[in-house]
Amino acid sequence: MTAPVLEARGLVKRFGHVQALRGVDFDVLPGEVVALIGDNGAGKSTLVKTLSGVIQPDAGQILSDGVPVSIDSPTAARRLGMETVYQDLALAPHLDPTQNMFLGREVMRPGIAGRLGFMDGAKMRAATITAFDDLGARIQDLGAPVGQMSGGQRQSIAVARAAAWANRLIFLDEPTAALGVVQTKNVLDLIRRVRDRGIGVVLISHSMPEVIEVADRVHVLRLGTRVATYQAKQTSMEELVGAMTGAITQDATAAADKEAS
């Protein structure tokens, strides 16, 4: 059986008197889209920040390929082949797509020119074009500042950048929020292309139709606990909402967990 690219066992996180995570279990397989859903305050963002090294758990264990690991910073997560796209996208609006793709990872020219600080713009631009073409990202003008581009194009750049640097797993936090119908479809297509390259995707979303459309499995969080796991193609919006709100009984939730495992 394939080991999860990332697995959490019994994660606990407290912020003062508030317990954000209460022994959360979680896993995602290579080349799988796992949706993470729950009401506001369910612990979704805290879980992702813990798994991606932004914050540290108070208890519990994180494993990569079945081996316990310590992800004590976003840099440590990147060393494990993981990237995160937050809602703010972390793009520099005054820079063009190529400059954003290589922000903090600039390719220097060979020889003395590189040692003097000159970047290899042609090489970075060629790699950016390849990355966009591989994912089918539609960017109209590679020379324009991203701040002048549509929300869908900016989201495509952020996802393509993550996919270019990640070789194991990408976290996406509400990637279709505030996007139109066409732009949302393009982003969902990008997610499928990332998955088809064998990279795991963890998708945080409030859109149940999108979750059912693009995810392979769905993890439901409520009050800091994972209460259910479903196969996306075998569930419904009503069932997911019921698990989120607690309307589904504990026995039904346990049966759903067993069926999805």
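At what angle do H5 and helix H6 (residues 151–165) pack? In this predicted model, where local features need pLDDT of at least 70, side-chain atom pairs count only at pLDDT 80 or more, and totals for chains, interfaces and linings use all residues, the angle is about 105°, and the two axes lie 10 Å apart. H5 is therefore roughly perpendicular to H6, a label given to angles of 65 to 115 degrees, while those under 35 degrees count as roughly parallel, those over 145 as roughly antiparallel and the rest as oblique. Axes here are lines fitted to C-alpha atoms, for helices over the stretch in contact, and the angles run from 0 to 180 degrees between N-to-C directions. Helices (H or I, at least four residues) and strands (E, at least two) are DSSP runs, numbered from the N terminus. Residues are numbered from 1 along each chain as its sequence is written, and side-chain values use heavy atoms, with hydrogens and water left out.

The H5 side of this packing includes Ala131, Phe132 and Leu135, which meet Ile157, Ala160, Ala163 and Ala164 of H6; contact means heavy atoms within 4.5 Å. H6 also packs with H7: their axes come within 9 Å and cross at roughly 10°, so H6 and H7 are roughly parallel to each other. On this side, Gly151, Gly152, Gln155, Ser156, Val159 and Ala163 of H6 meet Gln183, Val187, Leu190 and Val194 of H7.

Helix H9 (residues 237–245) has several buried residues, namely Leu240, Gly242, Ala243 and Met244. Buried means under 20% relative accessible area, exposed means over 50%, and partly exposed is in between (1.4 Å probe, protein chains only). The cover over the buried residues of H9 includes strand S3 (33–37), helix H8 (208–214), S9 and S10. Just after H9, Gly246 takes a positive phi of about 90°.

Glu174 counts as buried at 12% relative accessibility, whereas Leu223 counts as exposed at 59%.

Turning to charge, side chains of opposite charge can pair when their charged atoms come close. With a salt bridge taken as a side-chain nitrogen of Lys or Arg within 4 Å of a carboxyl oxygen of Asp or Glu, the count comes to 13 salt bridges. One of these joins Glu7 to Arg9, with the closest N and O atoms 3.1 Å apart; Glu7 is buried at a relative accessible area of 18%, and Arg9 is partly exposed at 41%. Another joins Glu32 to Arg217 (2.6 Å, N to O). Because Glu32 lies in the loop between strand S2 (18–28) and S3 and Arg217 lies in strand S9, this pair ties together parts that are 185 residues apart in sequence. Both Glu32 and Arg217 are buried.

Asp65 and Arg168 also meet through their side chains in a salt bridge (2.7 Å, N to O). Asp65 sits in the loop between strand S4 (59–64) and strand S5 (67–69) and Arg168 in the loop between H6 and S7, so the pair ties together parts that are 103 residues apart in sequence. Asp65 is partly exposed, with a relative accessible area of 38%. Salt bridges with shared partners also link Asp27, Glu32, Arg217 and Arg226 into one network.

At the surface, Ile112, Leu116 and Phe118 form a nonpolar patch with about 340 Å² of accessible area together. Patches are made of residues with over 30% relative accessible area and no salt bridge, like charges being joined within 9 Å and nonpolar side chains (Val, Leu, Ile, Met, Phe, Trp, Tyr) within 5 Å. Accessible areas come from the Shrake-Rupley method with a 1.4 Å probe, and for residues only the protein chains shown count as cover.
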